[in-house]
Amino acid sequence: LVGVGQAVHRPADGPVPSLVELMTTATTRAGGEIGPRFLEQIEWVGVPKGAWTHPDPGREVAAAVGAPGAHTVLAEVGITQQEIIDLALTAVREGRGPALVVGGEVNHTSATGAAASVGAARRAVAEPDEHLVSHDLGISAVEFNQRFVDPPTVYAVLENAFAASEGWTEDEHRRRLGRLTESFAAQASWNAYAWNREALSANAIVTPSADNRMVAEPYTKLCCSNMRVNQSAALLFTTVADARAAQVPENQWLYPRATAFCNHAVPVVQRTDLSRSVVARTAGRRAMDLAGITSEGLQHVDLYSCFPAAVQITARELGIPMERQLTVTGGMTFAGGPLNSYALHATARMAEVLRADPLSIGLVTSVSGFLTKFGAALWSTEPGVHGWRGEDVTAQAAADEQPLPEVEDPGDDVTVVAGTVTHDREGARTRIEVVQTPTGERSLRSTPL
């Protein structure tokens, strides 16, 4: 990893750029760390699909930086961002580099910005050279039929399952949630590319107010990922030989020590234990094993942070103390949560942190869905003894967790596994519960309050 670039366009910054313009800015900044001619050599471009309809933004970005013949890959939602990074590393290893991975969102737009984004999409007529589609998003028939697909609701259920497994009282849970989210807001205040750099207090984050409504207990709005951002991040990969030929200073190089990703997609309702994550444990621990380190050897960490439950469950699965700093960006509420490219921002920021702390090791994780799929990467300014080692550990996770059966109508004789109370904007409340029958079948129960 020889070049990283980020771009953020906040509401006060004037007319909103198009998606391609913002991605090009991030890419140009990544290339600026090396030299503009390096960008003209890009042969492979990977883009994780976001909340936009552009058919192939990677092609337009490549053309804008002088590499119109680059091979383009578009990965739909459901493909973990770590898997795209692994594909870029593989392309470089096979002599198809330099490689670029770039992503972003333009979701906080004025009328002018929205028109610019749509215009860019209409100008592009080409399709990507490769179109990666996930055929299993890990959503069951019961979940789909009962609309158990709203991220704050689903993650609040996981959050409450985690708190129950820890034996926390309601007050203790609130205190711990405040402590965690406050530490993320503080970190964002130091991140120049964070969307919200205000170092909010724990009380301001977890206490409902007119500007911070309750969404799904215990999550207020400020506990939830913020997708309404204009942000982009770009990562440039090449070989050591090409980095030397381009005269990239060696103190700028980042080596992938080890990576692992897992696509064993078990729906939330069907999981044996809602407070645990087999995919996080399998992929995260395997990446550390491949790198030859334990969690105690991690100097820097960024755990995927769409919601606090994802952070807490991952930390426990990987043996990472909750008391330490768990983000280098500030997380997806405060640093910003581009729908399908946050891990690129985390990797770009991790590169800056590791360059400033030579010989240290940093972990970046990525998630797809409701802790449904998982990726992990270990980075350092020093190469590993065996070079980069990456694995797909889906089969291993599948052997460790078999989905429980589900039923549409569970009847009245059920045990509550976990639940939450949702609050809509008009104040209506609904209790949502994952329940289990005496014969071990799972289902959902929804009760207006």
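In which loop is Pro98 found? In this predicted model, Pro98 lies in the loop between α4 (81-93) and β4. The peptide bond that joins Gly97 and Pro98 is cis, with omega at about 5°. A cis peptide bond also joins Glu217 and Pro218, where omega is about 10°; Pro218 is placed in the loop between β6 (214-216) and β7 (219-220).

Positive phi values occur in loop residues other than glycine. Arg147, which is not a glycine, has a positive phi of about 60° and belongs to the loop between α6 (141-145) and α7. With a relative accessible area of 73%, Arg147 is exposed. Gln247 likewise shows a positive phi, near 60°, and is located in the loop between α10 (240-245) and β9 (255-262). The relative accessible area of Gln247 is 68%, so this residue is classed as exposed.

Helix α3 (residues 57-64) has as its buried residues Pro57, Gly58, Val61 and Ala62. These residues lie on the same side of α3, because the arc they cover around the axis is only 135°. In an α-helix there are 3.6 residues a turn, so residues three or four places apart point the same way. The packing partners of the buried residues of α3 are α1 (19-32), β2 (44-48), β3 (71-75) and β4 (99-106).

Strand β4 contains Gly103. The relative accessible area of Gly103 is 0%, and the residue is therefore buried. Leaving aside residues up to four places away in sequence, Gly103 touches Met23, Pro48, Gln231, Ser232, Ala233, Ser341 and Leu344. The C-alpha atoms of Gly103 and Ala26 are 9.0 Å apart, while the two residues are separated by 77 residues in sequence.

Seven aromatic pairs are present in the structure. One of them, between Tyr155 and Phe307, is stacked, at 4.9 Å centre to centre and with 20° between the planes. Because Tyr155 lies in helix α7 and Phe307 in the loop between β10 (300-302) and α12 (308-318), this pair ties together parts that are 152 residues apart in sequence. Both Tyr155 and Phe307 are buried. Phe162 and Trp168 form an edge-to-face pair, with 5.6 Å centre to centre and 75° between the planes. Phe162 counts as buried at 3% relative accessibility, and Trp168 is buried with a relative accessible area of 15%. Tyr155 and Phe307 also belong, with Tyr219 and Phe370, to one aromatic cluster.

The largest pocket holds about 1,200 Å³ of space. Its lining comprises 44 residues, of which Pro151, Pro152, Ser225, Met227 and Phe307 are the closest to the centre. By residue class, the lining of the largest pocket divides into 20 nonpolar, 16 polar and eight charged residues. At least two lining residues are supplied by each of α7 (151-166), α13 (331-334), β11 (361-368) and β14 (415-423). Helix α7 gives the most, with four residues.

Notes
Residues are numbered from 1 along each chain as its sequence is written. This is a predicted model: local features need pLDDT of at least 70, side-chain atom pairs count only at pLDDT 80 or more; totals for chains, interfaces and linings use all residues. Side-chain values use heavy atoms; hydrogens and water are left out. On a 1 Å grid over the protein atoms alone, a cavity is a set of points where a 1.4 Å probe fits but cannot get out, and a pocket is an open set with protein on both sides within 12 Å along at least five of seven lines; lining residues have an atom within 4 Å of a point. Grid points are joined across faces, edges and corners, and a volume is the space filled by probe spheres set on the points. Ala, Val, Leu, Ile, Met, Phe, Trp, Tyr, Cys and Pro count as nonpolar, Asp, Glu, Lys and Arg as charged, and the others, Gly among them, as polar. Buried means under 20% relative accessible area, exposed over 50%, partly exposed in between (1.4 Å probe, protein chains only). The arc is that of the directions from the helix axis to the C-beta atoms. Contact means heavy atoms within 4.5 Å. Rings of Phe, Tyr and Trp (its six-membered ring) pair if their centres lie within 6.5 Å; planes under 30 degrees apart count as stacked, over 60 as edge-to-face and the rest as tilted.
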